Amino acid sequence: MERAKDSATTRRLAQQYAEQALQPLLDDKRATALAVGVSRPQDGWLLLTIVVTQANSAVQTFTHPVKVI
(Lines give C-alpha, C1' and ligand atoms only; values in the text may rest on other atoms or scores of the structure.)
Protein backbone atom coordinates (compact mmCIF):
# COMPACT_ATOMS: atom_id res chain seq x y z
CA MET A 1 0.00 0.00 0.00
CA GLU A 2 3.02 2.31 0.30
CA ARG A 3 2.68 3.24 -3.36
CA ALA A 4 -1.10 3.77 -3.22
CA LYS A 5 -2.56 7.25 -3.13
CA ASP A 6 -4.30 8.52 -0.01
CA SER A 7 -7.91 8.21 -1.18
CA ALA A 8 -11.24 6.71 -0.18
CA THR A 9 -10.63 3.88 -2.66
CA THR A 10 -7.29 3.07 -1.01
CA ARG A 11 -8.96 3.01 2.41
CA ARG A 12 -11.60 0.58 1.12
CA LEU A 13 -8.93 -1.62 -0.45
CA ALA A 14 -6.88 -1.65 2.76
CA GLN A 15 -9.95 -2.79 4.67
CA GLN A 16 -10.75 -5.50 2.13
CA TYR A 17 -7.15 -6.76 2.04
CA ALA A 18 -7.07 -7.02 5.85
CA GLU A 19 -10.40 -8.85 5.93
CA GLN A 20 -9.22 -11.30 3.27
CA ALA A 21 -5.93 -11.88 5.08
CA LEU A 22 -7.74 -12.63 8.34
CA GLN A 23 -10.46 -14.85 6.81
CA PRO A 24 -8.55 -18.08 7.66
CA LEU A 25 -9.11 -17.30 11.37
CA LEU A 26 -12.86 -17.56 10.76
CA ASP A 27 -12.54 -20.53 8.41
CA ASP A 28 -10.53 -22.49 10.98
CA LYS A 29 -12.97 -21.43 13.72
CA ARG A 30 -10.17 -19.83 15.76
CA ALA A 31 -12.24 -16.64 15.69
CA THR A 32 -15.99 -16.12 15.67
CA ALA A 33 -15.97 -12.51 14.43
CA LEU A 34 -13.65 -9.98 12.83
CA ALA A 35 -14.06 -6.24 12.40
CA VAL A 36 -11.65 -4.06 10.45
CA GLY A 37 -11.81 -0.29 10.62
CA VAL A 38 -9.67 2.18 8.71
CA SER A 39 -8.98 5.74 9.79
CA ARG A 40 -6.73 8.47 8.47
CA PRO A 41 -4.92 9.96 11.48
CA GLN A 42 -2.72 12.19 9.34
CA ASP A 43 -1.76 12.81 5.73
CA GLY A 44 0.16 9.89 4.27
CA TRP A 45 -0.97 7.34 6.86
CA LEU A 46 -3.86 4.96 7.39
CA LEU A 47 -4.52 3.23 10.68
CA LEU A 48 -6.11 -0.21 10.59
CA THR A 49 -7.99 -1.16 13.75
CA ILE A 50 -8.72 -4.87 13.88
CA VAL A 51 -11.01 -6.42 16.47
CA VAL A 52 -10.92 -10.20 16.72
CA THR A 53 -13.40 -12.19 18.79
CA GLN A 54 -11.69 -15.47 19.53
CA ALA A 55 -13.45 -18.82 19.75
CA ASN A 56 -13.23 -18.62 23.57
CA SER A 57 -15.08 -15.24 23.42
CA ALA A 58 -11.97 -13.23 24.29
CA VAL A 59 -11.76 -10.01 22.30
CA GLN A 60 -8.44 -8.63 21.09
CA THR A 61 -7.85 -5.32 19.37
CA PHE A 62 -4.87 -4.65 17.14
CA THR A 63 -3.77 -1.46 15.38
CA HIS A 64 -1.50 -1.32 12.38
CA PRO A 65 -0.25 1.86 10.68
CA VAL A 66 0.01 1.79 6.88
CA LYS A 67 2.03 4.35 4.87
CA VAL A 68 0.42 5.73 1.71
CA ILE A 69 1.37 8.57 -0.62
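1. Met 1, Leu 13 and Tyr 17 together make a nonpolar surface patch of about 260 Å². Such patches are made of residues with over 30% relative accessible area and no salt bridge, where nonpolar side chains (Val, Leu, Ile, Met, Phe, Trp, Tyr) are joined within 5 Å and like charges within 9 Å. The areas come from the Shrake-Rupley method with a 1.4 Å probe, and for residues only the protein chains shown count as cover. Tyr 17 sits in helix 1, residues 8–27. Helices (H or I, at least four residues) and strands (E, at least two) are DSSP runs, numbered from the N terminus. With a relative accessible area of 45%, Tyr 17 is partly exposed. In these terms, buried means under 20% relative accessible area, exposed means over 50%, and partly exposed is in between (1.4 Å probe, protein chains only).

2. **What kind of model this is.** Please keep in mind that this is a predicted model: local features need pLDDT of at least 70, side-chain atom pairs count only at pLDDT 80 or more, and totals for chains, interfaces and linings use all residues. Residues are numbered from 1 along each chain as its sequence is written, and side-chain values use heavy atoms, with hydrogens and water left out. The pLDDT is the predictor's confidence in each residue, from 0 to 100. Here the chain averages 94, and 99% of the residues score at least 70. Among the elements of the chain, strand 2 has the highest mean pLDDT (97) and helix 1 the lowest (95).

3. Next, look for the open sheet of 3 strands, which has the order 1-2-3 and antiparallel pairing. Strand 1 and strand 3 stand at the edges with a single partner strand each, so one side of each is left without a neighbour in the sheet. From one strand to the next, the twist averages 20°. Axes here are lines fitted to C-alpha atoms (for helices over the stretch in contact), and angles run from 0 to 180 degrees between N-to-C directions.

4. **How the strands pair.** Two strands pair if DSSP finds at least two bridges between them. Strand 1 and strand 2 pair in the antiparallel sense over 9 bridges. You can follow this pairing at Val 38, which stands opposite Leu 48 in strand 2, and at Ser 39, which stands opposite Leu 47 in strand 2. Strand 2 and strand 3 also run antiparallel, joined by 9 bridges. There, Thr 49 has Thr 63 in strand 3 as its bridge partner.

5. **Turns and positive phi.** Which residue takes a positive phi in the hairpin of strand 1 and strand 2? It is Gly 44, with a value near 85°, in a hairpin that has 2 residues between the strands. The hairpin of strand 2 and strand 3 has 4 residues between them, and Ser 57 in its turn has a positive phi of about 75°. Ser 57 is not a glycine, and it is exposed at 56% relative accessible area. Lys 29 is another non-glycine residue with a positive phi, about 65°. You will find Lys 29 in the loop between helix 1 and strand 1, where it is exposed with a relative accessible area of 63%. Most residues other than glycine have a negative phi.

6. **Salt bridges.** How many salt bridges are there? The count comes to 4, where a salt bridge is a side-chain nitrogen of Lys or Arg within 4 Å of a carboxyl oxygen of Asp or Glu. Asp 6 meets Arg 11 in one of them, at 3.2 Å from N to O. Asp 6 also forms a salt bridge with Arg 40, with the closest N and O atoms 2.7 Å apart. This second pair links distant parts of the chain, 34 residues apart: Asp 6 is in the segment before helix 1 and Arg 40 is in strand 1 (residues 31–42). Asp 6 is partly exposed at 23% relative accessible area, and Arg 40 is partly exposed at 43%. Arg 30 and Asp 28 form a salt bridge too, their closest N and O atoms being 3.1 Å apart. Salt bridges that share partners join Asp 6, Arg 11, Arg 40 and Asp 43 into one network.
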